[in-house]
Amino acid sequence: MNHPGTRTRPRIAALTLLSLLALTACGGSGGTDGTTPAGAQAAPAPTDDPVAAVRKVDSVAALLPADVARSGTLRMGSSIGFPPGAYYPNGPDKKPAGQDIDIADAVAKVLGVGLERQDASFETILPALGSGKFDVGTGNFGVTAERLKTIDFVTYINDGQGFAVKKGGTALSRKVSDLTELCGLTIGTGAGTTFEATLTRQKGVCAKAGKKPYDVKVYAENGAVLTALQQGRIDVVMSTINGLRYQAAQSAAHTSFLGEYHRLDVGFAFKKGSPLTRAFQAAVNELIENGSYARILKKWGTSASAIDASRINPPEHTQG
């Protein structure tokens with residue numbers, strides 16, 4: 001939320017690693033979508049399709065800008081990383097699946113438009129909104145005060161930041177409630193994420209506490225983070241709550257989820273001042289009201305991260 005979490009198109013090397021183990025679909029999480037573990041095959045997608053019954057709602061579609069209504073298409077920059085948010089259950093040459101994919105598709109159906117989805121690395125999507133390359137971005141983007149300076153958000157789920165370790169390891173065995181508990185350890189996380197920003201911003205906490213600083217290693221791909229954890233090159237992973245929780249539920253992943261650290265709203269991202277925000281907010285609220293939203297979250301095991309209503313640019317949650 002976060003991106004929270006880094007979400008990028010898997011590369012061939014990562015896929016080679018991911019083919020070594022098999023994961024099964026399971027209940028979700030709410031933060032760095034539990035990254036697909038190193039040495040683990042992407043989990044198969046659930047077969048139910050709660051988006052199929054979603055229909056256009058004229059009163060909501062009427063909120064679209066005239067040029068979008070005429071073209072009938074929206075350009076979406078989509079960061080595909082790991083379940084339950086967005087991933088490739090059948091390889092990168094096939095269609096992506098996940099909670100974010102279903103919610104975006106359902107919103108588009110309510111609005112009566114098509115999505116021209118383009119895969120993009122997590123850290124490139126927000127700048128591309130400002131340049132006009134995309135109309136909207138998805139990638140488990142957490143709403144933060146810093147991002148609100150240049151980006152508009154329409155929320156659709158509540159996720160956040162959490163930590164995980166290798167199962168059976170000795171680095172940590174309890175929930176992380178304060179970053180000083182990480183002093184002296186090496187933390188792996190995704191590039192351009194709220195996790196990286198949090199760890200960088202608070203790097204001085206260990207010195208203030210008279211402890212050895214923690215070290216941060218940043219990776220462009222989620223698979224690389226989990227590979228580093230399993231190989232002992234990092235001690236801890238910081239990522240999304242839902243992703244890490246999802247991952248830990250897979251027996252083949254051999255990771256332990258250390259609990260929630262900081263909750264964040266997650267939303268569709270737009271350039272500042274975009275005329276699309278009211279239409280997207282109304283579409284998400286329509287899905288909440290007609291029950292489609294709850295069915296999508298149930299499908300992906302993320303019901304605990306549901307919101308009661310979509311908001312435009314809510315303030316960042318207070319840390320804690």
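## A friendly look at a predicted protein model

The protein exposes about 12,600 Å², and carbon and sulfur atoms supply 52% of that area (areas come from the Shrake-Rupley method with a 1.4 Å probe; for residues, only the protein chains shown count as cover). This is a predicted model, in which local features need pLDDT of at least 70, side-chain atom pairs count only at pLDDT 80 or more, and totals for chains, interfaces and linings use all residues. Residues are numbered from 1 along each chain as its sequence is written, and side-chain values use heavy atoms, leaving out hydrogens and water.

**Confidence**
- The average pLDDT (the predictor's confidence in each residue, from 0 to 100) is 85, and 86% of the residues score at least 70.
- Over residues 3-41 the pLDDT is below 50, yet this stretch has 202 contacts beyond near neighbours in sequence in the model (a contact means heavy atoms within 4.5 Å).
- Where pLDDT is low, the predicted coordinates should not be read in detail.

**Overall build**
- You will find 11 helices and 9 strands here (DSSP runs numbered from the N terminus: helices are H or I, at least four residues, and strands are E, at least two).
- Of the 320 residues, 56% are buried (under 20% relative accessible area, with a 1.4 Å probe and protein chains only).

**Strand E5 and its partners**
- In strand E5 (residues 151-166), 15 of the 16 residues are buried.
- E5 pairs with strand E9 (residues 255-271) in the antiparallel sense over 14 bridges (pairing takes at least two DSSP bridges between two strands), and Ile151 has Lys271 in E9 as its bridge partner.
- E5 also runs antiparallel to strand E8 (residues 236-240), joined by 4 bridges; Gly162 has Ser239 in E8 as its bridge partner.

Methods:
Buried < 20%, exposed > 50% of the residue type's maximum accessible area, 1.4 Å probe, protein only.
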